[in-house]
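Biologist: I would like to go through a structure with you, one question at a time. Please show it before we start.

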Amino acid sequence: MKLFIIIGAVLAFLSVAFGAFGAHVLKTRLDDQDLAVFQTGVHYQMVHALGLIIIGILALTVFSGQGTLLAWSGWLMAAGVLLFSGSLYALTLSGVRVLGAITPIGGVAFLVSWVLVVIAALRT
């Protein structure tokens with residue numbers, strides 16, 4: 001479960017770096033709509049990076065008996081970042097709009113991961 005804390009911290013670091021990249025480099029290269037899409041990816045990445053850190057902490061402490069549920073939750077959340085935020089980054093940087101079809105899959109992974117946290121809490 002420490003791995004989720006590490007992955008979350010790395011994703012949070014990258015979120016700050018991507019946000020700065022968007023604000024300083026992409027601001028002059030993308031139109032307002034594409035920049036907003038990129039920033040949405042950054043925002044969701046940060047929120048779910050923090051979610052991964054929380055999952056790791058919960059699994060090591062108060063929800064220690066719910067390791068399997070929290071492991072699934074953590075992996076789904078990490079996959080959600082890759083699919084949701086990653087597809088938004090790829091879409092805005094490449095201009096290939098079909099990549100937007102991947103984004104909802106990441107969103108569903110986020111939703112399921114949060115539901116699993118709720119179930120773990122209810123079972124504790």
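What follows is a set of questions and answers on this predicted model.

Biologist: What box do the C-alpha atoms fill, and what share of the residues count as buried?

Modeller: Taken along the principal axes, the C-alpha atoms fill a box of roughly 50 × 25 × 15 Å. The chain has 124 residues. Of these, the share that counts as buried is 40%.

Biologist: Of the contacts in the chain with a separation of 6 or more, what share is between residues 24 or more positions apart?

Modeller: Contacts with a separation of 6 or more are the ones to consider here. Among these, residues 24 or more positions apart account for 75%.

Biologist: What span does α1 reach, and what span is expected?

Modeller: Helix α1 covers residues 2-24, and it has 23 residues. At 1.5 Å a residue, the expected span is 33 Å. From its first C-alpha to its last, α1 is close to that value, reaching 33 Å.

Biologist: Which helices are included in what covers the buried residues of α1?

Modeller: The buried residues of α1 include Phe 4, Ile 7, Gly 8, Leu 11 and Ser 15. In an α-helix, residues three or four places apart point the same way, because there are 3.6 residues a turn. What covers the buried residues of α1 includes α2 and α3.

Biologist: Which residues form the nonpolar patch on the surface?

Modeller: Helix α1 gives the most to this patch, with 3 residues. One of the patch residues is Val 10, which is found in helix α1. Val 10 counts as partly exposed because its relative accessibility is 42%. Together the patch residues have about 390 Å² of accessible area, and they are Leu 3, Ile 6, Val 10 and Trp 75.

Biologist: Which side chains meet in a salt bridge?

Modeller: Side chains of opposite charge can pair when their charged atoms come close. The count comes to 1 salt bridge. The N to O distance is 3.0 Å, and the side chains are those of Asp 34 and Arg 97.

Biologist: Where do the two residues of this pair lie, and how many residues apart are they?

Modeller: Asp 34 is in helix α2, and Arg 97 is in the loop between α3 and α4. Asp 34 counts as buried because its relative accessibility is 10%. Arg 97, at 47% relative accessibility, counts as partly exposed. The pair links distant parts of the chain, with a separation of 63 residues.

Biologist: Is Ser 85 buried or exposed, and which residues does it touch?

Modeller: Ser 85 lies in helix α3. Its relative accessible area is 0%, so Ser 85 is buried. A polar atom of its side chain lies 3.4 Å from the backbone nitrogen of Gln 45. Leaving out residues up to four places away in sequence, Ser 85 touches Gly 41, Tyr 44, Gln 45 and Gly 80.

Biologist: Which residue has its backbone oxygen 2.7 Å from a polar atom of the side chain of Ser 87?

Modeller: Ser 87 has its place in helix α3. Ser 87 is buried because its relative accessible area is 4%. Apart from residues up to four places away in sequence, Ser 87 touches Leu 82, Leu 99, Ile 102 and Thr 103. The backbone oxygen at 2.7 Å belongs to Leu 83.

Biologist: Where does Thr 61 lie, and how far in space is it from Gln 33?

Modeller: Thr 61 lies in the loop between α2 and α3. At 44% relative accessibility, Thr 61 counts as partly exposed. A polar atom of its side chain lies 2.7 Å from the backbone oxygen of Ile 57. Thr 61 and Gln 33 are 28 residues apart in sequence, and from C-alpha to C-alpha the distance is 42 Å.

Biologist: What distance separates the C-alpha atoms of Val 96 and Leu 116?

Modeller: Val 96 lies in the loop between α3 and α4. Its relative accessible area is 38%, so Val 96 is partly exposed. Val 96 and Leu 116 are 20 residues apart along the chain, and their C-alpha atoms are separated by 33 Å.

Note on methods:
Residues numbered from 1 in each chain as written. Predicted model: local features only at pLDDT ≥ 70, side-chain atom pairs only at ≥ 80, totals over all residues. Heavy atoms only, no water. Buried < 20%, exposed > 50% of the residue type's maximum accessible area, 1.4 Å probe, protein only. Contact = heavy atoms within 4.5 Å. Helix = DSSP H or I, 4+ residues; strand = E, 2+ residues; numbered from the N terminus. Polar contact = N/O pair within 3.5 Å; in protein donor to acceptor, adjacent residues only side chain to side chain. Patch = residues over 30% accessible without salt bridge, like charges linked within 9 Å, V, L, I, M, F, W, Y side chains within 5 Å. Areas by Shrake-Rupley, 256 points an atom, 1.4 Å probe, with all protein chains shown as cover. Salt bridge = Lys/Arg side-chain N within 4 Å of Asp/Glu carboxyl O. Expected span 1.5 Å × (residues − 1).
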